[in-house]
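Here is a short tour for anyone who likes to read a fold with the model open alongside. Have a look at the sequence and the structure first, and then walk through the details with us.

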Amino acid sequence: MTSLHLGLHWGMVLNAAAKKNIRLHQYQAVGSAAGLLIAAYGIYAFIKREFLTYMFLHSEFVFLDYEESKPLLFSDYLALMGLCIFVTHYSAKLVKRWERDDD
């Protein structure tokens with residue numbers, strides 16, 4: 001839920017970063033590509049960790065592999081958060097564009 005809320009306000013985060021750096025256009029393409037790569041890895045982690053079974057309560061418990069490395073686990077979960085931020089941010093932009101076109 002937090003990452004969805006952050007995705008709704010991601011434009012404010014980007015605007016605050018733009019105020020700190022005047023040469024935003026140079027980094028905009030790199031930032032968009034990084035966001036896309038994080039979202040793609042988030043899709044991979046979502047499928048690999050079978051999150052749909054937890055979301056639709058097919059499995060009530062999350063079984064963790066204690067032999068798995070902690071950095072890999074945390075990177076998967078951060079990528080899932082990045083995926084939620086990416087999807088929410090661009091969905092909100094799309095809805096705003098549709099509202100402008102209807103007026």
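Predicted model: local features only at pLDDT ≥ 70, side-chain atom pairs only at ≥ 80, totals over all residues.

The report below goes from the overall fold to a few residues and their surroundings.

## Overall fold

The protein has five helices and zero strands, and along the sequence the pattern reads α-α-α-α-α. With a radius of gyration of 17 Å, well over the 13 Å that the globule rule gives for 103 residues, the protein is more spread out than a compact globule.

Taken along the principal axes, the box filled by the C-alpha atoms is roughly 45 × 35 × 20 Å. Contacts across the sequence are well represented: among those with a separation of 6 or more, 75% are between residues 24 or more positions apart.

## Surface and charge

The charged side chains are split into 10 positive and 10 negative. The centres of these two sets lie 15 Å apart.

## The aromatic cluster

Which residues make up the aromatic cluster? F46, F51, Y54 and Y77 form one cluster, and the structure as a whole holds five aromatic pairs. In one of them, the ring centres of F51 and Y54 are 6.1 Å apart and the planes stand at 85°, so this pair is edge-to-face. Both residues belong to helix α4, which covers residues 51–55, and they sit three residues apart, about one turn of the helix.

Is F51 buried or exposed? F51 has a relative accessibility of 17% and counts as buried, because the cut-off for buried is under 20%. Y54, at 24%, counts as partly exposed.

F51 also pairs with Y77, again edge-to-face, with 5.7 Å from centre to centre and 75° between the planes. Here F51 lies in helix α4 and Y77 in helix α5, so the pair ties together parts that are 26 residues apart in sequence. Y77 counts as partly exposed, with a relative accessibility of 32%.

Let us now follow two residues from other places in the sequence. The first stop is S3, found in helix α1, which spans residues 2–8. Its relative accessible area is 8%, and S3 is therefore buried. What does S3 touch, not counting residues up to four places away in sequence? The residues in question are M81, C84 and I85.

The next stop is H89, in helix α5, which runs over residues 70–102. H89 has a relative accessible area of 10% and is buried too. Once its neighbours within four places in sequence are left aside, H89 is in contact with G7, W10, G11 and L14.

## Looking back

To recap, the model shows five helices and zero strands, and its radius of gyration of 17 Å is well over the 13 Å of the globule rule.

Definitions and conventions: Residues numbered from 1 in each chain as written. Heavy atoms only, no water. Helix = DSSP H or I, 4+ residues; strand = E, 2+ residues; numbered from the N terminus. Rg over C-alpha atoms; globule rule 2.2 N^0.38 Å. Contact = heavy atoms within 4.5 Å. Lys, Arg positive; Asp, Glu negative; His and termini not counted. Charge placed at Lys NZ, Arg CZ, Asp CG, Glu CD. Buried < 20%, exposed > 50% of the residue type's maximum accessible area, 1.4 Å probe, protein only. Phe/Tyr/Trp six-rings, centres within 6.5 Å; stacked < 30°, edge-to-face > 60°.
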